[in-house]
Amino acid sequence: MRNVGKIFFALVVVGVATWRFQLIVWAIESIGLSVVCIFIGSAGYVFGSIERIGAYWIAAGAFVVLLVSAAWILYRLFNAGRLSEENNRSRSGGFQLPLRMLFMFVLIIPILAPFNPAEQGDLSSARLLPPLTGNRIQLASIETGDLGVERLLRSINERIVHQHSAVYGPDFQREVPELNVSTSRSFFLLGTDDLGRDVFSRLLYAIRESLVIGAAAVSLTLFLGVAIGLTAGLGGRIADALLMRLTDVFLAVPALILLLMLVAFFGNSPLLLVTTLALTGWMNIARVVRAETLNARTREYIFISKMLGKTPYQIVRLHILPNLYPTIRSAALLQFCSVLLAEAALSFLGVGIQPPTPSLGNMINESLPYLTQAWWMSVLPGVVLTGIIIAANAYSEKHFRHPG
Amino acid sequence: MTNHITHHSVRWWVAFAICLMFGILLLYNGCSRKRSSAAKDYVVVGIEGDVDTFNPLYAEDANASDIIDLVFPSMTRTTFDSSRGAITQIPSLARSWEFLNSGKDILFHLRSGARWADGSAVNAEDVQYSYIMYADTSVGSVRQDAASAFLKSGTIPDVRKSIEVKDDSTVIFHFDHLYAGELFDAGLPLLPSHLYEKIERNKIHQDSSLRIPVGAGPFNVKEWKPLQDIILTPNTESTLPHPGRYSQIIFRIIPDYYQRLAQIRSGEIDVLPYIEIADADALIRDKVAVQIYRLGPRFYDAINWNNIDGIEYAKSKGKHIIPNKLFGNKKIRQALTMAINRKQIIDAFFRSYGRVAFSPISPMFRWAYNDSIRPLSYNPDSAKKLFAAAGWKDTDGDGILDKDGKKFSFVLKIPSGNQVRAQIAAIVQEQLKAISVDMKIEQQERGAFWGAIMDKNFDACIAGFNVPLQMQLDELWGGDLQKSRFNIPSFQNIRIDEILAGARQVSQETDYAPQWKEFQRIIEHEQPCTFLYWQTDLVAANNRIHHANIDALGITYNAADWEEAPR
Amino acid sequence: MMTFLAGRIGTGLIILFLLTTLVFFIGYAAPGDPVMLSGGVTMSASTIFQLRHEMGLDQPLLTRYARWIGQVVTGDFGYSVRQQRPVKEAILDVLPCTFSLAGGAIVLELIIGLAIGTAAARFRSGTIDRVLSTVSLVIYTVPAFWLGIMLLSVFSYGLGLFPSSQLQSINGGGNSTLESLADRIWHLGLPWLTLAVPGAGAIARYFRDSLITVRGEEYVLFARSRGVSPKTIFLSYELPNAVGAVIAVLGTEIGALLAGVVVTETVFALPGMGRLAMTAILTRDYPLIMGCTIFAGAVVIVGNLLADVAHGFIDPRVRLA
């Protein structure tokens, strides 16, 4: 079974590589040319363009890594006939492989998305196209000729960012004359939204947004929860009582309402959003950590360590935290689900992630006017959101609830 | 065992009964919905949000003002002459009037027999009292400006002198100076002094006994269910002009536009203000029994460029006004306008119901509109040349213009909750990118948005205005930024100020047409903001409502005359 | 029992007090002037000054705090400038809607949850169990706001079976009490379902597990060996013991329910607490936001308390804890 999975993975990677070959090549060229540009002294443009183009560089790099590993799998398959089972037993509860794959997925999203998620189509013809339909789009290729390095880099970068789109109008061609624009038909896998943007690409970027916000919020939550839990567990009766009452207070208000209040008072930039999500989510983790800490404190080896003159910091690091890992991991995963849901709800209510950045919640919000005209706009983000959470829940259940 | 059987059977019976009940309910309601096309004696208006208050002193919400006009009496009422594009005043509580003292005073003869809904008579003291309340600073009315505009400095004793009660049926308004809007300003909603006098003036805005108003207009507010319904019933005593003909006018609060739309199709609501064009077309195509009315255009949207340095303005508390580094130059503002394809935006969103705007004077006012002006056309090449001439070039090659190390990069603020504006902002963003101008979009909740705008704390913003029926542009275009709080671009021009000052002195509004035409030429030349479009609002109303002459004045202004169409 | 009750109420009050303090300091730390933000744009300077004075904004921090606590104790949450009336009135006005929404949803949640849980436990480890467990996982995870939108577009916009918004038809739907009751139920059908489904998933999962646990207990095995009918065992032994766990879950689910209320009321345009809070947030109505938050907290605390007490009645061991 595992072999089938690996082969499937390899084939998908090769498939995507074939499909997006051109883009990957442009991105690698862009990296190379940027390095050259920095050395010949037009660093200004390179640094100015990193914000737009950096994600593609990283994506191309990550994709090359994937491609190498896929090639390795296929090579082994054909040479050795079968893949060995070595190194497959999951370490630490099988958490790392999926996490790594998820990380890779987030990195290569710019390559997977066929369109730039913010790029609008021609409003007269590309609005609200249903899934699996096409529309006229414009493709650009670069005129080979005697261009300067920077000029070439610029053209390539424009080509990467816009890919194929409606932006290659006459003005654009005047601006970047090296781009030869030809019209062709394109295909929108999951249709387009009210501004003619590709829903599939937007979904991919929305997933990225959700995962990144979720991961950041959960990390902060974990930090807060573990710190508060440990302090309560080790810090004596008064600290314990105070912190646990604080926990109760935060638990008493429905998280969404507290979130709404904080967002209303302090705003909703992504950073604040992460902080707010963490501020409203640390309580369960703190409780679990405190309970485990109190439990661990009574163990004999702690006494012994104390007698051996270990500092409290060392005891926590060596004896208490390792025991907490399994609990924290499962709590973190559940927290991740609720953060995802909370962020989606906030964005849906219009106070979370702000357009034009796509997020699953604000995509659903934007779909509201088109419920009867364009089902794909409302149904798909919800399905993806539910799917992610079900997957995480099922995963947590499989690996943490019934160990072994 | 028998015991268990009964348990068992009881359980099933209960379950069965519950199912049956639900089934019947659904069937029943399904059927009653079908029946709903029969004649009704009420009209439901679907509105977006709840009103703030029905107290005329404090109501700011547009729906509240509409309802107040139906409930409270006023000296005069406004009508719109669509052929001339001008408004006129007709008698209401005032039966007739005479101009005295070469137009500076107006003597009003009050109608006799007008009564408040609680039975007491509407008398001349009520008129005087109302204006005292509007003008009194301790009351803090939101209509303070409108009321004290013509009074001789706006303090209480002066109001008593300015509005002279001759006898029970005669009131004289002594105006500070002659101007065109005298009759209009005499038409504020009048308050029942016998009820208001009981309350301390600085407590009026919190008083809950005034929550359900007592008026003398064609309707009473029967019930106000917050976030749900506002129910008006005819004021059977009303003689201003007569009790409403429908037995109920219900304002139903449905925040989501698409729910309102679904409900006008199903007949649950009868009037849907501000329907979108595509939906109006669809209603007609699907032969829904509604009529589409066109309003105005009374609404324009504009991208307001902050002409002054907002930070410096805020720091010096409005004393230090220097031109904005980006938008202080009129050539740049012209260039920005030329880079924005307004025609395309209008074709995409408003089709035949929109037109390019170039000034704040609506084409609805035929007498004042300058139709010889041709608005700047879309021309990104000229835009680029203007930028280059002003020294903005992309020297570091990052795709954004710069000058002296500063990038042409700014934030466009838009209020949240308006999808069209958000979409237009996104389109403008793309179009400006084509001339290497970097614009970021920031959506802000309305309160915060206006807070920032009032503090001049913005680069550019999309804001639109509903133009008043009277040509009053001081608040929007006056050069004194402390006074003209809605001068969002902070545009200052001496000639504009002269025209605005002159407009306050004319006795007949339409006499001032040449100056208003000049005004439009200056605005078009200076481009303090990029006017985007005039938008004709559409209102859908059920065919069964007879006499629903919805026009520029609003939707419900003649609701008293609405009645069921004969079948 | 009394000491147990007194202890729980005491804790609840302390938490409520701390919550009030927290809300005050969040409001204090928030940037911007509450008066200016909530509609001050068009007010005259004197009104602003007067309002600031009335709201005590010109006082030092501790005075304001003391004043705030004093107000809250007497049930006064301040004055909403946007709504132009006391916060308490605004909240009290919308409570019936929220309570009928939440109450009906809890009942529906219990019916669906217990039914699925019982069926899953009855056919334990079979295909039915697996299907039902999957179903309960799916409905437990589905975001309420999206579910609401889907229900709305299918049953209201698509099939026209249910109204899309509001609590009742024009004029209450009819003349008799029965008719207007039917009208309300009809309007609340989809919101109830939206709100109940995720909670039902949670209840089903807990109930299934605790039924299976109870089924393994000695007294159940003993009764079975004595030949007591499965129905009696279920009704007299298994159900009461397993329901205790469900009630505990309900207590903790109240927070989730209130969060669900916010989105459900927004989707279906119901005139309740959630929409009031949303309106308050979108209009930066600080006093109203603070009032709503405290009120929501109080509801959760009381809900937890009730669940605790109910649990204590059913399962005496809890009282010792």
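Helices (H or I, at least four residues) and strands (E, at least two) are DSSP runs, numbered from the N terminus. On that basis chain C holds 13 helices and two strands, while the secondary structure of chain A comes to 15 helices and two strands.

This is a predicted model, in which local features need pLDDT of at least 70 and side-chain atom pairs count only at pLDDT 80 or more, whereas totals for chains, interfaces and linings use all residues. Residues are numbered from 1 along each chain as its sequence is written, and chains are lettered from A and ligands numbered from 1 in the order in which they are written.

**Chains A and C**

A residue is called buried if 20 or more other C-beta atoms lie within 10 Å of its own, exposed if 12 or fewer do, and partly exposed in between, with C-beta atoms placed from the backbone. Two residues are in contact if their C-beta atoms, placed from the backbone, lie within 7 Å. The table sets out both chains in these terms.

| Chain | Residues | Buried | Contacts joining residues at least 24 apart, among those between residues at least 6 apart in sequence |
|---|---|---|---|
| Chain A | 404 residues | 42% | 77% |
| Chain C | 321 residues | 50% | 71% |

For chain A, the domain assignment gives domain 1 (4-112), domain 2 (133-188) and domain 3 (199-401); such bounds come from an automatic or database domain assignment. The C-alpha centres of domain 2 and domain 3 of chain A lie 42 Å apart.

**Helix packing in chain C**

Axes are lines fitted to C-alpha atoms, for helices over the stretch in contact, and angles run from 0 to 180 degrees between N-to-C directions. Helix H8 (residues 177-215) and helix H10 (residues 230-268) of chain C have axes that come within 8 Å and cross at roughly 160°. That angle makes H8(C) roughly antiparallel to H10(C), a description used for angles over 145 degrees, with those under 35 counted as roughly parallel, 65 to 115 as roughly perpendicular and the rest as oblique. By class, the contact between H8(C) and H10(C) has 18 nonpolar, six polar and three charged residues; here Ala, Val, Leu, Ile, Met, Phe, Trp, Tyr, Cys and Pro count as nonpolar, Asp, Glu, Lys and Arg as charged, and the others, Gly among them, as polar.

Helix H5 (residues 87-122) and helix H6 (residues 127-141) of chain C pack at an angle of about 150°, with their axes 8 Å apart, and H5(C) and H6(C) are therefore roughly antiparallel to each other. H5(C) passes H6(C) in a left-handed crossing. From H5(C), the residues C:Ile116, C:Ala119 and C:Ala120 meet C:Ile128, C:Asp129, C:Leu132, C:Ser133, C:Val135 and C:Ser136 in H6(C), a contact with six nonpolar, two polar and one charged residues.

Helix H9 (residues 218-226) of chain C is hardly covered, the count of buried residues among its nine residues being zero. Just after H9(C), C:Gly227 takes a positive phi of about 90°.

**Contacts between chains**

Where chains C and A meet, 35 residues of chain C are in contact with 33 residues of chain A. The helices of chain C that each supply at least two residues to this side include H1 (2-29), H7 (144-158) and H12 (286-314), and H1(C) provides the largest share, seven residues. By class, the side of chain C that touches chain A has 27 nonpolar, seven polar and one charged residues.

The contact between chains A and B takes 18 residues from chain A and 16 residues from chain B. On the chain A side, helix H3 (43-80) and helix H6 (170-175) each supply at least two residues, with H3(A) giving the most, four residues. This side of chain A has nine nonpolar, seven polar and two charged residues.

**Backbone details in chain B**

A cis peptide bond joins B:Leu240 and B:Pro241, with omega about -10°, and B:Pro241 is found in the loop between strand E9 (229-234) and strand E10 (248-253) of chain B.

B:Tyr274, in strand E11 (residues 271-275) of chain B, has a phi near 55°, a positive value in a residue other than glycine. B:Tyr274 is partly exposed, with 17 other C-beta atoms within 10 Å. B:Ser436, also a residue other than glycine with a positive phi, near 65°, is found in the loop between helix H14 (419-433) and strand E17 (438-444) of chain B. B:Ser436 is buried, with 20 other C-beta atoms within 10 Å.

Technical notes: Left-handed = near helix turned anticlockwise from the far one by under 90°.
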